[in-house]
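Subject: Structure handover

Hi,

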Amino acid sequence: MRLILLGPPGAGKGTQAQHLVAKYGLLQLSTGDMLRAAVKAGTPLGQQVQDIMARGALVPDDIVVEIVGQRIEQPDARKGFILDGFPRTVPQAEALDQMLGENKITLDAVIEITVDETALVDRISGRFSCKSCGASYHDRHNQPKQEGVCDVCGSHDFVRRPDDNAETVKARLDAYRKQTTPILPYYKAKRVLRSVDGMAPIDTVTQQIETILNKVKG
Ligand code: AP5
């Protein structure tokens, strides 16, 4: 299965992708995670994108298209993947179509997670994740079952993202509105776009996505 999860920052793309990875054994390809790993490792790519990400702006299309292109050709992506945070512009969506076409891969669904903007700042400012495995949590909506212990890997170390602050969130939302929402009509025209209500509790959103996937799988 090949899916795209779309939605504004904080909509729950990463949270839902983690459920789908656990349930269907799909590979989660998060461009945000890949770019953050490059920044953390101090690679030339990381140095190039660090300031852009800190401002909440989008990294240039050619950079993200190249990292996704290299990643989906790896053997572990053959059984299926979830694109989380890519594409984010129409040129990225067009480049993805070309890559998929060259690899004779079709998309099964593009799922948009819709959320009221007022909820996003709360979600992002309360977010933290496991330093070891990346599992995502929230101070109030999604706490680890045992306080201070990651549900997934048992680690006791948690981190908050440097771009999860009020000023940068504003810029990220602005980038979403201006640069990413134009890809919704692009996928609607291809008849692959589905929407789920991201204001619902996490488990309910998961159920909505699974209902869509069950239909897609036929
Ligand atoms: P990226 O890492 O992709 O960040 P984002 O799109 O801003 O999305 P988030 O990770 O913030 O949100 P999410 O939807 O995954 O929410 P989550 O599940 O964590 O990108 C970061 C930066 O990298 C960009 O700004 C850009 O610079 C660059 N970049 C990345 N990809 C790029 C691309 N393709 N092109 C150009 N630049 C790119 O949930 C948030 C919180 O809410 C969590 O605490 C969670 O527990 C909670 N939560 C989730 N669902 C619910 C729910 N239903 N109810 C209540 N709480 C919930």
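Predicted model: local features only at pLDDT ≥ 70, side-chain atom pairs only at ≥ 80, totals over all residues.

**The ligand site**

The ligand is surrounded by 36 residues. The closest are T15, A57, R88, R127 and Y137. By class, the shell splits into 15 nonpolar, 13 polar and eight charged residues.

A polar side-chain atom of T15 sits 2.5 Å from a ligand oxygen atom. A polar backbone atom of G14 is 2.8 Å from an oxygen atom of the ligand. A polar backbone atom of G85 is 2.9 Å from a ligand nitrogen atom. On its own, the ligand has 1,000 Å² of accessible area, and the protein covers 96% of that.

Which elements supply at least two residues of the shell each? They are α1 (13-24), α2 (31-41), β6 (136-138) and α9 (202-217). Helix α2 gives the most, with four residues.

**Helix α2**

In α2, the residues T31, G32, L35 and A38 are buried. They cover an arc of only 125° around the axis, so they are on the same side of α2. K40 and A41 are exposed on the other side. The cover over the buried residues of α2 includes β2 (27-30), α3 (44-55), α4 (61-72) and β3. Just after the helix, G42 takes a positive phi of about 70°.

G32 and V59 are 27 residues apart along the chain, and their C-alpha atoms are separated by 9.8 Å.

**Q16 in helix α1**

Q16 lies in helix α1. Is this residue buried or exposed? Q16 is buried, with a relative accessible area of 3%. Setting aside neighbours within four places in sequence, Q16 is in contact with L5, I113, I202, V205, T206 and I209.

**Helix α6**

Helix α6 covers residues 117-125. Its buried residues include A119, L120, R123 and I124. Seen down the axis of α6, the buried residues fall within an arc of 125°, so they line one face of the helix. They pack against β5 (127-130), β6 and α7 (166-180).

**D164 and R127**

D164 is in the loop between β7 (158-159) and α7. The residue is buried, at 13% relative accessible area. What does the side chain of D164 make a polar contact with? The partner is the side chain of R127, at 2.9 Å. R127 is also among the closest residues to the ligand. Leaving out neighbours within four places in sequence, D164 is in contact with I124, R127, V169 and R172. I124 is one of the buried residues of α6.

**Backbone points to check**

- *Cis peptide.* F86 and P87 are joined by a cis peptide bond, with omega about 0°. P87 is in the loop between β3 (81-84) and α5 (90-102).
- *K104.* Phi is positive, about 55°, although K104 is not a glycine. K104 is in the loop between α5 and β4 (109-114). The residue is exposed, with a relative accessible area of 77%.
- *R191.* Phi is near 65°, again positive in a residue other than glycine. R191 lies in the loop between α8 (183-189) and β8 (193-197). At 71% relative accessibility, R191 counts as exposed.

**Recap**

Helix α2 gives the most to the shell. Both α2 and α6 have their buried residues on one side. D164 is buried and has a side-chain polar contact with R127. The cis bond joins F86 and P87. K104 and R191 have positive phi values.

Over to you.

Technical notes
Residues numbered from 1 in each chain as written. Heavy atoms only, no water. Near = heavy atom within 4 Å. Polar contact = N/O pair within 3.5 Å; in protein donor to acceptor, adjacent residues only side chain to side chain. Areas by Shrake-Rupley, 256 points an atom, 1.4 Å probe, with all protein chains shown as cover. Nonpolar A, V, L, I, M, F, W, Y, C, P; charged D, E, K, R; others polar. Buried < 20%, exposed > 50% of the residue type's maximum accessible area, 1.4 Å probe, protein only. Arc of directions from axis to C-beta. Contact = heavy atoms within 4.5 Å.
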